[in-house]
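The entries follow the order in which I looked things up.

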Amino acid sequence: MLGNLFGQPEQRNISYQSIWGAGAEWQTTTEAGTVVNQDTALQISTFWACILLISDTISTLPMDVFRRVDGERVPYRPKPAWVDKPDISMLRSEHYQQALVSYFIDGNIFVRIYRDSSGNVANLVVLDPTTVEVKRNKGNGKKYFVINENYNRPITQENMIHITEITKPGELRGISRVEELKDNLGLTQALQSFASRFFAQGAITSGVIETPLGLYRDWE
């Protein structure tokens, strides 16, 4: 209302979901004036190295399935085929690496479950977390998932694995690490950009200093 009085257009906060619903790419401008999103954050060498080290290490570890019998953990046999080959189109390590990258950057892992005619798990596919919106059915309280490429066919809770890192009370999605640390990451981007331009100029700051008085003074 004050904006209208002073002839300035009104501005409203834009949420992640409103950007997603409009089909636009999510970008956040930081206090340092840089744009931070999941792609630009990976251009920061330290951020990239940390994500790569953790995801590469964990994705190559051996995995198994267990169940509780009288309070004790025993291996589940026969071992399900999807444990060692979750996605038929890629290596096991590649599948779990994608899931971990999604987890550490977005704070969410979305794995689409495909089933055969008998209802058994046939394939598991890691989805791009920026394309998935989480909603709750008001009738039964279950979650369902909408993908922007297939909006009219939501995925039920039974056919999606959703793992979150930290979730705020009342929220369905996990907190994006990039969004929460945008100003820290943005400052790093700004310093990196400044250093690149500085050294590209030969590490010499150009400019002219002018003064109305002479710079020479006879001290004698």
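Where is the place of His-95? I found His-95 in helix 6. The model is predicted, so I kept to its limits: local features need pLDDT of at least 70, side-chain atom pairs count only at pLDDT 80 or more, and totals for chains, interfaces and linings use all residues. Residues are numbered from 1 along each chain as its sequence is written, and side-chain values use heavy atoms, with hydrogens and water left out.

**Entry: His-95**

I then listed its contacts, leaving aside neighbours within four places in sequence. His-95 is in contact with Pro-86, Asp-87, Met-90, Val-111, Leu-124, Val-125 and Val-126, where contact means heavy atoms within 4.5 Å.

**Entry: overall counts**

I noted 8 helices and 10 strands in the protein. These are DSSP runs, helices being H or I of at least four residues and strands E of at least two, numbered from the N terminus. Of the 220 residues, 29% count as buried. Among contacts with a separation of 6 or more, 53% are between residues 24 or more positions apart. The accessible surface comes to about 15800 Å², and carbon and sulfur atoms hold 55% of that. The areas come from the Shrake-Rupley method with a 1.4 Å probe; for residues, only the protein chains shown count as cover.

**Entry: nonpolar cores**

In soluble globular proteins, nonpolar side chains tend to be buried together. I took a nonpolar core as a set of buried Ala, Val, Leu, Ile, Met, Phe, Trp, Tyr and Cys residues joined through side-chain atoms within 4.5 Å. The largest has 10 residues, namely Val-36, Ala-41, Ile-44, Phe-47, Ile-51, Leu-100, Phe-104, Ile-105, Val-178 and Leu-185. Helix 4 (45–59) and helix 6 (92–106) are the elements that give two or more residues to this core. Helix 6 gives the most, with 3 residues. I also found a second, separate core of 9 residues, including Phe-110, Leu-127, Val-134 and Leu-172.

**Entry: aromatic pairs**

A pair of aromatic rings is described by the distance of the centres and the angle of the planes. Rings of Phe, Tyr and Trp (its six-membered ring) pair if their centres lie within 6.5 Å; planes under 30 degrees apart count as stacked, over 60 as edge-to-face and the rest as tilted. By this rule I count 2 aromatic pairs. Tyr-103 and Phe-104 are edge-to-face, at 5.3 Å centre to centre and 80° between the planes. Phe-104 is buried, since its relative accessibility is 13%. Phe-110 and Phe-145 are also edge-to-face, at 6.0 Å and 75°. Because Phe-110 lies in strand 5 (residues 108–115) and Phe-145 in strand 8 (residues 143–147), this pair ties together parts 35 residues apart in sequence.

**Entry: salt bridges**

How many salt bridges does a search of the whole structure find? I got 5, a salt bridge being a side-chain nitrogen of Lys or Arg within 4 Å of a carboxyl oxygen of Asp or Glu.

Asp-106 and Arg-173 form one of them, with their closest N and O atoms 2.7 Å apart. Asp-106 lies in helix 6 and Arg-173 in the loop between strand 10 (160–164) and helix 7 (177–180), so the pair ties together parts 67 residues apart in sequence. Asp-106 is buried at 2% relative accessible area, and Arg-173 is buried at 11%.

Arg-77 forms a salt bridge with Asp-64, at 2.9 Å between the closest N and O atoms. Arg-77 is partly exposed at 48% relative accessibility, as is Asp-64 at 32%.

**Entry: surface patch**

Last, I looked up a nonpolar surface patch of about 350 Å², made by Leu-53, Ile-54, Ile-58 and Leu-61. Patches are made of residues with over 30% relative accessible area and no salt bridge; like charges are joined within 9 Å, and nonpolar side chains (Val, Leu, Ile, Met, Phe, Trp, Tyr) within 5 Å. Ile-54 is in helix 4 and counts as partly exposed because its relative accessibility is 34%.

Methods. Buried < 20%, exposed > 50% of the residue type's maximum accessible area, 1.4 Å probe, protein only.
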